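Trainee: I would like to learn how to read helix packing, sheet pairing and salt bridges from a model. Please start with the helices.

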Amino acid sequence: MNGRKFAYARVSSAGQNLDRQLFELQKYVPEENIVTDKASGKDFNRSGYQSLKGALGLRQGDTLYIKSLDRLSRNKIQLNEELRWFKQNGIRLIVLDLPTTMIEVPEGQAWIIDMVNNILLEVLSSIAEEERETIKRRQREGIEVAKKNGKHLGRPPLEYPEHWERYYKKWREGEITATQMMKILGVKKTSFYKLVHMYQEQK
């Protein structure tokens, strides 16, 4: 196999142990090439993993070993995008818990590995799409429940401050500046001009 070999191991918190993953990964990768994180799998904002993708990390022709896919991420949508990054950059991913990713092929038959990766991506794409739809459905259901319970979603509606009409008239007649009116009423610039627009529309 051409290129260098790296491995990645992750547990979710400092109190958890990496030993089981390291024991398995050291069968394939030298210990100095194993990168670890003790961090949540909710996203890829982890120092160890990001170093793998940095200038001194993975490059075309390299292989990355992991114990299982959820060591990369538990978020199927993000995981799917990450696998596409590996494919686009010519990096082979070997998952110990998925034996089909570990097959060795004769020289000149790299298409077999591509086929395996494509199948893996296709499966994960379907799972990711299902996860997206589930998230959207739950959001819609949450909004409907909130509406039925009379809860307002989003930013609170803009309301006119006390004495608005009095100072609006002074501003329009040139007695005070817009900046003075904002300061008196305690209104920010963006809100001020929105209120002006609302007021003029109503009039």
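Mentor: Axes are lines fitted to C-alpha atoms, for helices over the stretch in contact, and angles run from 0 to 180 degrees between N-to-C directions. Helices (H or I, at least four residues) and strands (E, at least two) are DSSP runs, numbered from the N terminus. Here the axes of α6 and α7 come within 10 Å and cross at roughly 100°. The model is predicted: local features need pLDDT of at least 70, side-chain atom pairs count only at pLDDT 80 or more, and totals for chains, interfaces and linings use all residues. Residues are numbered from 1 along each chain as its sequence is written, and side-chain values use heavy atoms, with hydrogens and water left out.

Trainee: Which residues of α6 and α7 meet?

Mentor: Contact means heavy atoms within 4.5 Å. On the α6 side are Ala178, Met181 and Met182, which meet Lys189, Phe192 and Tyr193 of α7. For classes, Ala, Val, Leu, Ile, Met, Phe, Trp, Tyr, Cys and Pro count as nonpolar, Asp, Glu, Lys and Arg as charged, and the others, Gly among them, as polar. The α6 contact with α7 has five nonpolar, no polar and one charged residues.

Trainee: How do α5 and α6 pack?

Mentor: Two packed helices are described by the angle between their axes and the distance between the axes. For α5 (residues 164-172) and α6 (residues 178-185), the axes come within 10 Å and cross at roughly 165°. The two helices, α5 and α6, are therefore roughly antiparallel to each other. Trp164, Tyr167, Tyr168 and Trp171 of α5 meet Ala178, Met181, Ile184 and Leu185 of α6. This contact of α5 with α6 has eight nonpolar, no polar and no charged residues.

Trainee: At what angle do α5 and α7 pack?

Mentor: The angle between α5 and α7 (residues 189-202) is about 95°, and their axes are 12 Å apart. Therefore α5 and α7 are roughly perpendicular to each other. Their contact divides into seven nonpolar, one polar and two charged residues.

Trainee: Now the sheet. In what order do the four strands lie?

Mentor: Two strands pair if DSSP finds at least two bridges between them. The four strands form an open sheet in the order β2-β1-β3-β4, with parallel pairing. Its edge strands, β2 (34-38) and β4 (92-95), each pair on one side only. Between β1 (residues 5-11) and β3 (residues 63-66), which run parallel, there are four bridges. Tyr8 stands opposite Ile66 in β3.

Trainee: How many salt bridges are there?

Mentor: A salt bridge is a side-chain nitrogen of Lys or Arg within 4 Å of a carboxyl oxygen of Asp or Glu. By this rule the count is eight. One of the salt bridges joins Asp62 to Arg4, with the closest N and O atoms 2.6 Å apart. This pair links distant parts of the chain, 58 residues apart: Asp62 lies in the loop between α2 (47-52) and β3, and Arg4 in the segment before β1.

Conventions
Angles under 35 degrees count as roughly parallel, over 145 as roughly antiparallel, 65 to 115 as roughly perpendicular and the rest as oblique.
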